[in-house]
Amino acid sequence: PGCKGTWDNIACWDRAEFGETVTIPCPRALKTIFGRTGNISRNCTAAGWSDVFPNISSMCGLDTSQEKQEGPAFDSRLVVFLHGVCMFSPCMCGFSPGNLRLPSTLQKHGC
């Protein structure tokens, strides 16, 4: 047993045994947007996957000093960029309204 591989709309998590902590680098899309490198983790427990820790925004997201410098124009660019990532990300291909199955290439990798 353990926790099955899963896609949580942010990252792909490989399967893990109970008690195991899985740590991965910040997703590439977030690195591209924010330029921050860090790691995020999840624990595999008897109740299933834990929430991501540390907080993904603090590790991979927008640095508040950058947000203050960039202002609202940056927020608009971020929304447009994220929309493009969601539309064209290889992990998202195969998703459509009413079709929530993962693409077979991800299923083979345990996502």
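I call a residue buried when its relative accessible area is under 20%, exposed when it is over 50%, and partly exposed in between, using a 1.4 Å probe and protein chains only. By that rule I found W13 buried, and W49 buried as well.

**Ground rules.** I am working from a predicted model, in which local features need pLDDT of at least 70 and side-chain atom pairs count only at pLDDT 80 or more, while totals for chains, interfaces and linings use all residues. I number residues from 1 along each chain as its sequence is written, and the side-chain values use heavy atoms, with hydrogens and water left out.

**Whole chain.** I looked up the secondary structure and noted five helices and five strands, where helices (H or I, at least four residues) and strands (E, at least two) are DSSP runs numbered from the N terminus. Read from the N terminus, the order of elements is β-β-β-α-β-β-α-α-α-α. Of the 111 residues in the protein chain, 31% count as buried. The accessible surface, taken from the Shrake-Rupley method with a 1.4 Å probe, comes to about 7300 Å², and carbon and sulfur atoms hold 58% of it. I also checked contacts (heavy atoms within 4.5 Å): among those between residues at least 6 apart in sequence, 41% join residues at least 24 apart.

**Sheet.** I traced an open, antiparallel sheet of three strands in the order β3-β4-β5, counting two strands as paired if DSSP finds at least two bridges between them. Strands β3 (21-25) and β5 (48-49) are at the edges with a single partner strand each, so one side of each is left without a neighbour in the sheet. Between β4 (residues 39-45) and β5 I noted two bridges in the antiparallel sense, and the bridge partner of T45 in β5 is G48.

**Aromatic rings.** I searched the whole structure for aromatic pairs and came away with one. The criterion takes rings of Phe, Tyr and Trp (its six-membered ring) with centres within 6.5 Å, and calls planes under 30 degrees apart stacked, over 60 edge-to-face and the rest tilted. The pair is W13 with W49, tilted, at 6.4 Å centre to centre and 45° between the planes. Since W13 lies in strand β2 (residues 12-13) and W49 in strand β5, the pair ties together parts that are 36 residues apart in sequence.

**Salt bridges.** I counted two salt bridges, each requiring a side-chain nitrogen of Lys or Arg within 4 Å of a carboxyl oxygen of Asp or Glu. In one, the side chains of D8 and R42 meet at 3.5 Å, N to O. This pair links distant parts of the chain, with D8 in the loop between β1 (6-7) and β2, and R42 in strand β4, 34 residues apart. I read D8 as partly exposed at 21% relative accessible area, whereas R42, at 11%, counts as buried. The other bridge joins R15 to E17, whose closest N and O atoms are 2.8 Å apart; here R15 is partly exposed at 46%, and E17 is partly exposed at 40%.

**Nonpolar core.** I define such a core as a set of buried Ala, Val, Leu, Ile, Met, Phe, Trp, Tyr and Cys residues joined through side-chain atoms within 4.5 Å. The largest has 15 residues, and W13, V22, I24, I40, W49 and C60 touch the most other members. Two or more residues each come from β3, α1 (28-34), β4 and α2 (56-60), and α1 gives the largest share, three residues.
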